[in-house]
Amino acid sequence: MKKLLLPLVAGAFLICPAVLADEDLIAKAMSAGPEAIASKATIMLPDGTVLREGSDYWTCFPYFGTNVDTDPMCGDPTWTATMLAGGIDGDWGNSATGFSYMLAGGYPHLMVIVPELESYEGFNTDPGDGKTWVMSFPALHFMIPIEMEAEETEEEMATEADEADE
Ligand SMILES: [Cu+2]
């Protein structure tokens, strides 16, 4: 009996994405971009399913490919079209310049893809050192760190309050 249960449990995990409520997916997608962008953006799943119609400029995704644990992203038309054409694992082609926000992940950043970039030798590849970094997966693109000012200010205020208490 136990042997039968294991595959059933594994199967339940596989259908997890479908179980996530649309509101949760939309909220997750919107967390990737600045409020002014996210509030008007089209919310889309990686397979092209539209969860919420928006303007035709920014499109926010709650995750990439089939991995719901990946960080959400808001892309401009070039970025969105490039991603939908190649998928997260595909060859994006780098045929045009496009921009994308990833503000909700471990390293909040802006991403830029550029056309016909043949060499990125010498560019920083470490996302943790505060510099612009370059990543070649799934396609060559630059990442620009962004500090989340609201959170920082709250932290600073808390620190200042602590110091005032002492
Ligand atoms: Cu990124």
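1. Helix α3 (residues 22-30) lies across β1 (42-44), β2 and β3 (59-61), and runs at about 85 degrees to β2. Helices (H or I, at least four residues) and strands (E, at least two) are DSSP runs, numbered from the N terminus. Axes are lines fitted to C-alpha atoms, for helices over the stretch in contact, and angles run from 0 to 180 degrees between N-to-C directions. Two residues are in contact if their C-beta atoms, placed from the backbone, lie within 7 Å.

2. The model is predicted: local features need pLDDT of at least 70, side-chain atom pairs count only at pLDDT 80 or more, and totals for chains, interfaces and linings use all residues. Residues are numbered from 1 along each chain as its sequence is written.

3. Within α3, the residues L25, A29 and M30 are buried; a buried residue has 20 or more other C-beta atoms within 10 Å of its own, an exposed one 12 or fewer, and a partly exposed one lies in between, with C-beta atoms placed from the backbone. These three cover an arc of only 130 degrees around the axis, which puts them on the same side of α3; the arc is that of the directions from the helix axis to the C-beta atoms. E23 and D24, on the other side of α3, are exposed. The cover over the buried residues of α3 includes α4 (35-38), β1, β2 and β3.

4. The chain holds six helices and eight strands. The eight strands form an open sheet of mixed pairing, in the order β2-β1-β3-β4-β5-β6-β8-β7; two strands pair if DSSP finds at least two bridges between them. β2 (50-52) and β7 (133-135) stand at the edges with a single partner strand each, so one side of each is left without a neighbour in the sheet. From one strand to the next, the twist averages 30 degrees.

5. β5 (98-102) is mostly covered, as four of its five residues are buried. β5 pairs in the antiparallel sense with β4 over two bridges and with β6 over five bridges. Y101 in β5 is the bridge partner of C74, while M111 in β6 is that of S100.

6. A hairpin of six residues joins β5 to β6, and G105 lies in the loop between these strands. Is G105 buried, exposed or partly exposed? G105 is partly exposed, with 14 other C-beta atoms within 10 Å. G105 and D71 are 34 residues apart in sequence and 5.4 Å apart in space, C-alpha to C-alpha.

7. In the largest nonpolar core, which has 17 residues, A29, A32, C60 and C74 touch the most other members. A nonpolar core is a set of buried Ala, Val, Leu, Ile, Met, Phe, Trp, Tyr and Cys residues joined through C-beta atoms within 7 Å. α3, β1, β3, β4 (73-75) and β5 each supply at least two residues of this core, and the largest share, three residues, comes from α3.

8. For the chain as a whole, buried residues make up 20% of the 166 residues.
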